[in-house]
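Here are my notes on this model, as numbered points. Please read them with the structure open.

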Amino acid sequence: MTVIRQGQSADIGLLLEGTYPYVSGGVSSWVNQIIKGFPEYTFALCFIGSRPEDYGDMRYELPNNVVHLEVHYLHEPHSKPPVIKRKGNPKVFKEIRCLHDTYRQPERLHEQESSLLKSIMKHRSEGRYAEADFLYSREAWDYITEQYREHCTDPSFVDYFWTIRIMHAPIWRLMALTETFIPVKVFHTISTGYAGFLGALMKQKTGKPLILSEHGIYTKERKIDLFQAQWIRDNRSTLAKDSSEIAYFKNLWIRFFEALGRDCYHHADRIIALYETNRLRQVKDGAPAERTENIPNGINLPHLEKLRTLRSDDIPLTICLIGRVVPIKDIKTFIRAMRTVVNQLPQAEAWIAGPEDEDPDYAADCHSLAEGLGLTEHVKFLGFQRIDELLPKVGLLVLSSISEALPLVILEGYAAGVPCVSTDVGSCRQLVEGLGPIDKSIGSSGMIVGIANPTELAQAIINLLGDPERWRAAQAAGIARVERYYTQEHMFSRYRSVYQNAMTISNNTTCPRGKR
């Protein structure tokens, strides 16, 4: 653990996985916005990352009301307990068996799952179940070999054994973290996954309220990553493989993150999505419907609307994608689309404005693709840029992503007078075409296209930039939509109510006996 700013206590504990303040992007911008929007509260930040080398310096200056920041890397090498022969507590491992059984049938046993998790945490805190028991005890060995025989369809026991160990290593770190994090009145996790599971553990440990805000659906995005993962082995022979089946170890990792997500849902007092489709997905994935609600993102309209005055009367033939250069943003489809765009609009230029250090191999592929398509003079990789400097010079924003939630960048573009072309992901159709009759009557503020379709994307760009009347109508619709529905004042009002309610509950909550 690294402590960047040491506090003694705080109002709100923000649990952040792979985002603010070390990674730029929409979620991080939103976290920064929330912290600054509530100066009356103090915040303690817990950043959870993979390894130190995966992150650079902080991308954001911490506001004064951030009184604590600690950093944890779940996959950083650490000293394991000494190897000592252990039997293991049969009662504890019986409950562990029951807990894993509930994970396999979550639709029926989620209440039992919560009580079992609480009991296992108690066993750990009282010394009946330590990491050494998981790593070295006879009970653990018997259970792992039993599970392998009963459930594993991959022939390699060695890979199964080490997958189980690697999978559970972060859980021990998260459980240890609950012992050291400073006291707060409310916990607020910005995803499920490891941060969400930590929120569930904190709720069990302290009894304090837990709020969950999901921008994207974590388990859905993890599935995309795992489907593409090359590091997960499939040891079946060619004849044994069925192309319609997911490899066992990929499926095991998927079920692991689904279980973490359900634990977070079951422990959260308020579960917030950005839009209705995601709320329904949360319910489908195990969230109690009565605890769910939608609070859309909002932007700083007074600041961004000033950028309209900096625009020229002409429509710039500059198409900008603002986002990380990573596979989920599908930068390659945008580059391929630009080959067609440039053929018809030779003065057009594409800007890719976002950091390239998260996936250097993918970024290198994107540079090579642009060069191979003869677009080095038309496709510019700008790295991280301030939107205030970009938006007045841009004629069109593009999102070619294969997954999004409710992208702030679209709303920021609208406020600055920039229409959008986006793939049909997340809430993007809602942002472009409107939601409900009144919103739809505003008109279209851009165009929606299919995923991974460079031809359709190119044609949408050409249709808007090549038709000034259509472009100006889209610009006017975007401005009207963001001013009516997506201001930060509306978002702050909703979250103020959430925080105030959680504070009231917290003030009436007594920590479990023996806890801080």
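1. A polar contact is a pair of N or O atoms within 3.5 Å; within protein, one must be able to donate a hydrogen and the other to accept it, and residues adjacent in sequence count only if both atoms are side-chain atoms. The side chain of serine 24 makes one with the side chain of arginine 59, at 3.5 Å.

2. The model is predicted: local features need pLDDT of at least 70, side-chain atom pairs count only at pLDDT 80 or more, and totals for chains, interfaces and linings use all residues. Residues are numbered from 1 along each chain as its sequence is written, and side-chain values use heavy atoms, with hydrogens and water left out.

3. Where is serine 24 found? Serine 24 sits in the loop between β2 (10–17) and α1 (26–37). Helices (H or I, at least four residues) and strands (E, at least two) are DSSP runs, numbered from the N terminus. Serine 24 has a relative accessible area of 5%, so it is buried. Buried means under 20% relative accessible area, exposed over 50%, partly exposed in between (1.4 Å probe, protein chains only). Contact means heavy atoms within 4.5 Å. Neighbours within four places in sequence aside, serine 24 is in contact with Arg59, Tyr60, Arg324, Pro355 and Phe384.

4. Now the aromatic rings. Rings of Phe, Tyr and Trp (its six-membered ring) pair if their centres lie within 6.5 Å; planes under 30 degrees apart count as stacked, over 60 as edge-to-face and the rest as tilted. This rule gives 30 aromatic pairs. In one of them, tyrosine 148 and tyrosine 160 have ring centres 5.4 Å apart and planes at 55 degrees, so the pair is tilted. Tyrosine 148 belongs to helix α5 (residues 138–151) and tyrosine 160 to helix α6 (residues 157–177), so the pair ties together parts that are 12 residues apart in sequence. Tyrosine 148 counts as buried at 18% relative accessibility. Tyrosine 160 is buried too, at 5%. Ring pairs also link a cluster, with Trp141, Phe157 and Tyr248 among its members.

5. Helix α18 (residues 454–465) packs on helix α19 (residues 468–485) at about 95 degrees, with the axes 6 Å apart. Axes are lines fitted to C-alpha atoms, for helices over the stretch in contact, and angles run from 0 to 180 degrees between N-to-C directions. Asn463, Leu464 and Leu465 of α18 meet Arg470, Trp471 and Ala474 of α19 in this contact.

6. Helix α15 (residues 408–415) is mostly covered, with 8 of its 8 residues buried. Just after α15, glycine 417 has a positive phi of about 90 degrees.
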